[in-house]
Amino acid sequence: MSRARLSAENLPTSVRVVLVVLGLGVLLAVPDLARVTPLSFATIHKGLLFGLAAVGLNLLLRHTELVSFGHVAFFGTGAYGAAVLATYYEVSSGLVLLAGAVLAATAVALVVGYLVAGHLDIYFALLTLAFNQVLFAFVVQSSFFNSTDGLSVRVGVDRPSLLGLDQLLVSAGLDPVQAYNYVLYYLTVAILVVVVLVTWKLVNSPFGRALDAIGQDRTRARFIGIPVERYVWIAFTISGIYGGIAGGLFALLQLHVRPEPVLFAFVSGEILFMAILGGVGTLVGPIVGGVILVYLLDLARFYVTYYHALTGIVLLAVVYFLPEGILGSLPALGAAIERRRRDPGLVRNDVETVVTSVRRSVRRAVTTVRILVFGVN
Amino acid sequence: MTGRPSSSNDTGGIERRDALKLVGGSTLAVALAGCTALIGDESDDSTEDADVPDEPIEAGLQTFTEGAPAVLGLQAQYGAETAVRRINDDGGVAGREIDLDVVNEGDEHIQNYRQFVDEGKDVTFGPISSGGHEAMVPEIEDRGVVNVATDGTVTTLYEESFPDATYSFRFQNHDVMEALAAVNQAVEVLGADSIDTYAGINPNYAFGQDEMALFSSGIEKLTGAEEVYSGFPELGADDMSAHVTEVNGTEPDVVFSSCWGGDATLLLEQAHANGMFDSTDLLVGPVLYGSANDLSADLVDGPIYSGSRNFYWDEPGTDRWTPAADLVSEVQSEYDVVPTAHFMSGYGAVTAWATAAEKAVDVLGRWPEQDEIAAILEGHGFFTPAGYHTIGADHQGYSNAHFGELAWSDEYDAAILENVSVFAPKDVSPPPGTVSGDWIDAW
Amino acid sequence: MFESLPYHALNGVYYGFILFMIAAGLTIVFGVLGVLNLAHGELYAFGAFVAFSIVGYLTGLVAEPTGPVTALIFGAVVLVGSLAAAAVLLPVGATLEAAFVRPIYDRDDVYQLLLTYALLLILTDVMKFVWGAKPLDVGVYDGLNAIPTTELFGIDYPTYNVVVVAVGLVVFGWLVWFFDRTKTGRIVRATAIDREMATAIGVSTDRIFTLVFAMGAFFAGFGGAMVSIGPGSAYLEMGLSPLVLSFVVIVIGGLGSLRGALVGALLVGVTTQVVTPYYSELELAVPFVLMVVVLLVRPEGLYGTWGEIE
């Protein structure tokens, strides 16, 4: 994984500044973009939240090389933390709900993290999956959490309040639902920026370097005096907290929480794939991956009949043609496009390469089947 | 109040004369009642001069279009499409045709509704899922685009959770009606004195728990029977033998099961294979018939009675009631299935909205706003080939409930119901403003 | 309260063998290729759908059983049909491996996960395209149960369950024989233990990997076929929970271990079925609690041998 890992960081500073400003600009303009285009504001918002959870997962994946297959557990705990406060304790302050979400997720992440920190590879992955499913089964079977029907994040039918900012917009003449969603969106953007900055600080701190060392070789890390299990535990908890924040915000966005979309183990897989899709080796790639995958999973069915296949084909394309993920492959892609602009003849080579590789794949498949059916080549 | 309804065929059915009189308001209402052939084109349309935009009505339906729950979901889609087809053939709602978008509801009910609203839909229909419906109601109230739910029938929804809804409606009968119809059917078949014990196998989520709770309190009130087993297999279970074995071990007089779709087929298969019908006298299930097109002659054999919610296609009989006969032949040629109650869920939801919208145009002389259509839908009455339906002030649809003995028809290559009992809404649901649980307790 | 316990245990054994057939394929593929195949559940569903078509066609040719003899013939036809359905998965699996999986063996594990997830999504829609969106039931369960088995001993128990247990035992026996006694099986094991060494002594790892992936697909498909001819139906999302449960089974048993997969499957099957009627709120949680306990106490599983088929 370390091969071309820091590809995005290799860009010149000026380009990076431009990209950051551009990214922030796009983020801030999403509500307006959604108004003038058929883009779905709510879906992008949801995508950003899952992306935020994927940033947390990527902290483990990129630095400690641990694949978590149970990350939605923290997202779901966060979402349910907020929902329980609203449903049973009639908490209407959005910030308190969010705090509840973070608290709940932190507690669960501390416990799970403690138990899994000593495990590696596939065992780590499957152990996190198991804890995820235990939690899912527990919520689904519990009448306190209202089984599969889930809990509302409203007090009565009222939306939570967001520091009174939404009321301010309403008094300025905005529709209350719109006001709520705008305020919540900009709250999400603000939190996202903070989280990304914190993560950036973190991975460039001695602690982050220690995580890298743990990822490369645990034994060596232990030799040089890094308390491996404790550091993994801390990293795991931090990444769980990200999930909890995202889940809490998701509860505020969705205003109703059900177990399958926020706790089922397969959604953990989706969060993992968001990180890979966007680029494991990048800081904000998982956010891009989150928006794209959520958009595909949620909205493709509005436009095509075979929407699973469409999503699958996009992912295949990423696996084969963007080996560092979307954001991670941007520098290479940019360079390649630049070269082709100077020498358009290269494009023909590209087509040839693609055609050859497809043809080779087909030939391999045909040969294999022939051997299988006739016993000879 | 005894709660014992009469179950003769004519109290609930509709008289043809009444139908003509009541339906003859507009050609649209007539077309949707399936009575065009009976009346001809003589009724005049008062909405012709109204000030109505030309562009088609954008409508969205979310339902289960694939996988195990598609057994019910596709029927709802067929129903909604059939109603839309009839509306457009008739010239539309006050001259506006309907464009219907159908999307798989999945687990994303709120997102689906939001997306529909963002796309500028004038009305939305669906979903099938109870939990999904419950999650959607506050969102619908926030966004203010009328949604007529096809199903999602948990009783507490409009009775307790959202008694003051404005834009959210439900067409299909709610759970209490079919659970009590099941109670009455069991008493009718076995006699109250011979029911001493009962058991339940119900899907493990709000719908299954709601149905079982209502059935339990109903049958205990009427017969004093005692519950000997209650199991809740997962929705979409792979195996129910554990529950069937427990029923065999406890030998209840009646088994109640609100399993539906693939779960219903699985339950019947394993019940037969494990000799459950040697251990119990009767199986009653409110939605077993929803799988009518997926059952077989072997499976329906035995003392099995099923509900069919607010529509059974052969009640009133297709030989006596041409709207039903026309509908069945249309559905068979178009989709190659017999319509089940979920077909009517889709058909009726669209019909409820379309007739209300046209009534609104009639009254206002222009296209109505969302809150105006919503106001008209409260207390709105209309016909479909299933008979007369009303939407109560509680936003809940009320129609006759059907129950009958499962049997097989080679002619249709599908399950049918025999000796169908029809229960009028007032006999199986509480009076307005009363909570079902309290109502049953007061029997 | 507990008088039905033996029946529940029997049901658990039957359920365990279904799980075993699915998990066996997964554990072989993981043991040899090191790829956790998320599309395994879809191959299982694929087998169920193919069985719907093939078994449906074949049983259309023979009469419904009327007596013990015709019932036996009917049962044989159904089993042959199920085998044929699973056989269809051989070229399907081989093609998937050769065309999609082979190019990315040296990539990071997570890309293999992403790839098999993409295959999962695509396969779902292939099935939706071929067989439609609704569940399909081939409807031979009743005919199978007409074969007298347990009735001969005075017990009333579905013949289908007995057939599943018998077939599962045969599958297990065959796999053990294959990996222990045949030359190909030993080569596969050698490749699993040390790829480079196997290549050095002249084994074509490409061939072996294709073979193993095809075998995995075959057993997934066979499991699907066995479910399809039972009380359940074939439906699009049927692969999801067996896939997740297969993880549990192979983790409990020890990754790559066949004996472990069998013991794990039976453990999960019996525990689930015995607990369900008495504490139905635990039904979903039982397998995962088992898995957590095993992983925390014995991380390598009950019969754990990392990366080897045993």
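**Stop 1**

Select Asp210(B), which is buried yet has no salt bridge, the nearest side chain of opposite charge being Arg170(B) at 7.3 Å. Buried means under 20% relative accessible area, exposed over 50%, and partly exposed in between, with a 1.4 Å probe and protein chains only. A salt bridge is a side-chain nitrogen of Lys or Arg within 4 Å of a carboxyl oxygen of Asp or Glu. For charge, Lys and Arg count as positive and Asp and Glu as negative, while His and the chain ends are not counted.

Before moving on, a word on what is loaded: this is a predicted model, in which local features need pLDDT of at least 70 and side-chain atom pairs count only at pLDDT 80 or more, while totals for chains, interfaces and linings use all residues. Residues are numbered from 1 along each chain as its sequence is written, chains are lettered from A and ligands numbered from 1 in the order in which they are written, and side-chain values use heavy atoms, with hydrogens and water left out.

Now show the surroundings of Asp210(B). Leaving aside residues up to four places away in sequence, Asp210(B) touches Val154(B), Thr155(B) and Asp175(B), where contact means heavy atoms within 4.5 Å.

**Stop 2: salt bridges in chain B**

Over all chains, the count comes to 31 salt bridges. Start with Asp122(B) and Arg96(B), a bridge whose closest N and O atoms are 3.9 Å apart. What does this pair tie together? Asp122(B) sits in the loop between helix H6 (109-118) and strand S3, and Arg96(B) in the loop between helix H5 (70-89) and strand S2 (98-104), so the pair connects parts of chain B that are 26 residues apart in sequence. Colour by accessibility: Arg96(B) is buried at 4%, whereas Asp122(B) is partly exposed at 21%.

Next, select Asp118(B) and Arg143(B), a salt bridge with its closest N and O atoms 3.5 Å apart. This pair links distant parts of the chain, with Asp118(B) in helix H6 and Arg143(B) in helix H7, 25 residues apart. Asp118(B) is partly exposed, with a relative accessible area of 44%, and Arg143(B) is partly exposed at 21%.

**Stop 3**

Jump to Glu300(C) and Arg298(C), which form a salt bridge with the closest N and O atoms 3.8 Å apart. Both ends are partly exposed: Glu300(C) at 34% and Arg298(C) at 38%. Then select Arg154(A), Arg159(A), Arg114(B), Asp118(B), Glu139(B), Asp142(B) and Arg143(B), which salt bridges with shared partners join into one network.

**Stop 4**

Most residues other than glycine have a negative phi, and most peptide bonds are trans. Here are some exceptions to select.

- Gly126(B) to Pro127(B): this peptide bond is cis, with omega near 5°. Pro127(B) is in the loop between strand S3 (123-125) and helix H7 (130-143) of chain B.
- Glu315(B) to Pro316(B): the bond is cis, with omega about -5°. Look for Pro316(B) in the loop between strand S10 (304-307) and helix H14 (322-335) of chain B.
- Glu65(A): phi is positive, about 60°, although Glu65(A) is not a glycine. Find Glu65(A) in the loop between helix H2 (41-64) and helix H3 (72-89) of chain A.
- Asn419(B): phi is near 45°, a positive value in a residue other than glycine. Asn419(B) belongs to strand S15 (residues 414-423) of chain B and is exposed at 58%.

**Stop 5: where chain C meets chain A**

Show these two chains together: 52 residues of chain C are in contact with 49 residues of chain A. About 4,700 Å² is buried between them, and carbon and sulfur atoms give 78% of that area. Buried area is the accessible area (1.4 Å probe) that two parts lose on being put together, summed over both. Which helix of chain C gives the most to the side that touches chain A? Select H4(C), with 14 residues there.

How values were computed
Helix = DSSP H or I, 4+ residues; strand = E, 2+ residues; numbered from the N terminus.
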